[in-house]
Amino acid sequence: LRQQRLVRAWSGGRGDALEIWHDRIRETVVASIGATALRDHHARLATALRASRDPDPQEMVDHLIAAGQPEQAYRQAVAAALRAAEALAFDRAAALFALALELAPNEGHDVRDLKQQLGDALASAGKGADSARAYLDALDGAEPAQHLELRRRAAEQLLRSGHFEEGLRVIAGVLSDVGLRLPLT
């Protein structure tokens, strides 16, 4: 298969790897596998990745989703997002936080924290308006001090990204809550 350039193999710090070179080959092989068998293959791949020396949670997410294990996929997506944020890969972190939110088993404290972390990643990626929306989405059920802080962050991101009218409207509400007014000029 290597000589025919149908797969590529390499060795690295994470061990040996083999990858199908062309998507059409991958699509043909996957199409020939039944849904139940495919789900089982993904589950076994996720198990094998988890048992490896230093498992990459991002690699496991797709396999866990395809294996029909959304709760485990959720946990791995959160871990992968945190790892990406630590590596300053903010676009990837934001995408993984968004995926984790899709997979989240319930509403509540964890989801609110994920929305805030999504906002932080988007802000760090320079996507101010999207960051503001994530912060505003995290308001539901927040403690009063956190509610105020999330609105302040949303206003800051809106103003930084050129959404002045909306940003001024949000910051005016924040100032009003602390007994201040936005100056007219």
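Read along the sequence, the protein runs β-β-α-α-α-α-α-α-α-α-α, which comes to nine helices and two strands. Here helices (H or I, at least four residues) and strands (E, at least two) are DSSP runs, numbered from the N terminus. The model is a predicted one, where local features need pLDDT of at least 70, side-chain atom pairs count only at pLDDT 80 or more, and totals for chains, interfaces and linings use all residues. Residues are numbered from 1 along each chain as its sequence is written, and side-chain values use heavy atoms, with hydrogens and water left out.

On to the overall shape. Of the 185 residues, 30% count as buried; the word means under 20% relative accessible area, with exposed over 50% and partly exposed in between (1.4 Å probe, protein chains only). The protein exposes about 11800 Å², and carbon and sulfur atoms supply 52% of that. Such areas come from the Shrake-Rupley method with a 1.4 Å probe, and for residues only the protein chains shown count as cover. Contact here means heavy atoms within 4.5 Å. Among contacts between residues at least 6 apart in sequence, 36% join residues at least 24 apart.

Histidine 42 belongs to helix α2 (residues 35-51), and histidine 63 to helix α3 (residues 57-66). Histidine 42 counts as buried because its relative accessibility is 19%, and histidine 63 counts as buried at 19% too. Leaving aside neighbours within four places in sequence, histidine 63 is in contact with His42, Leu45, Ala46 and Leu49. Histidine 42, not counting residues up to four places away, touches His63, Ala66 and Ala67. From histidine 63 to alanine 155, 92 residues apart along the chain, the C-alpha separation is 38 Å.

Leucine 88 sits between α4 (70-86) and α5 (90-103), and it has a positive phi of about 65 degrees although it is not a glycine. Most residues other than glycine have a negative phi. Leucine 88 is also exposed, since its relative accessible area is 61%.

The structure holds ten salt bridges, each a side-chain nitrogen of Lys or Arg within 4 Å of a carboxyl oxygen of Asp or Glu. In one of them, lysine 127 pairs with aspartate 91, the closest N and O atoms being 3.0 Å apart. Lysine 127 lies in the loop between α6 and α7 and aspartate 91 in helix α5, so this pair ties together parts that are 36 residues apart in sequence. Both partners are partly exposed, lysine 127 at 37% and aspartate 91 at 47%. Another bridge links aspartate 120 and arginine 153 (2.9 Å, N to O). Because aspartate 120 is in helix α6 and arginine 153 in helix α8 (residues 144-160), the pair ties together parts 33 residues apart in sequence. Glutamate 156 and arginine 160 make a bridge as well, with their closest N and O atoms 3.0 Å apart. These two both lie in helix α8, four residues apart, about one turn of the helix. Salt bridges that share partners join Asp120, Glu149, Arg152, Arg153, Glu156 and Arg160 into one network.

Arginine 112, in helix α6 (residues 109-124), is another story. Arginine 112 is buried yet has no salt bridge, and the nearest side chain of opposite charge, aspartate 113, is 5.1 Å away. Not counting residues up to four places away in sequence, arginine 112 touches Ala138, Asp140, Gly141, Ala142 and Gln146.

Finally, Phe164, Leu168 and Leu182 make a nonpolar surface patch of about 270 Å². Patches are made of residues with over 30% relative accessible area and no salt bridge: like charges are joined within 9 Å, nonpolar side chains (Val, Leu, Ile, Met, Phe, Trp, Tyr) within 5 Å. Leucine 182 lies in the segment after α9 (164-177), and counts as partly exposed because its relative accessibility is 32%.

How values were computed:
Lys, Arg positive; Asp, Glu negative; His and termini not counted.
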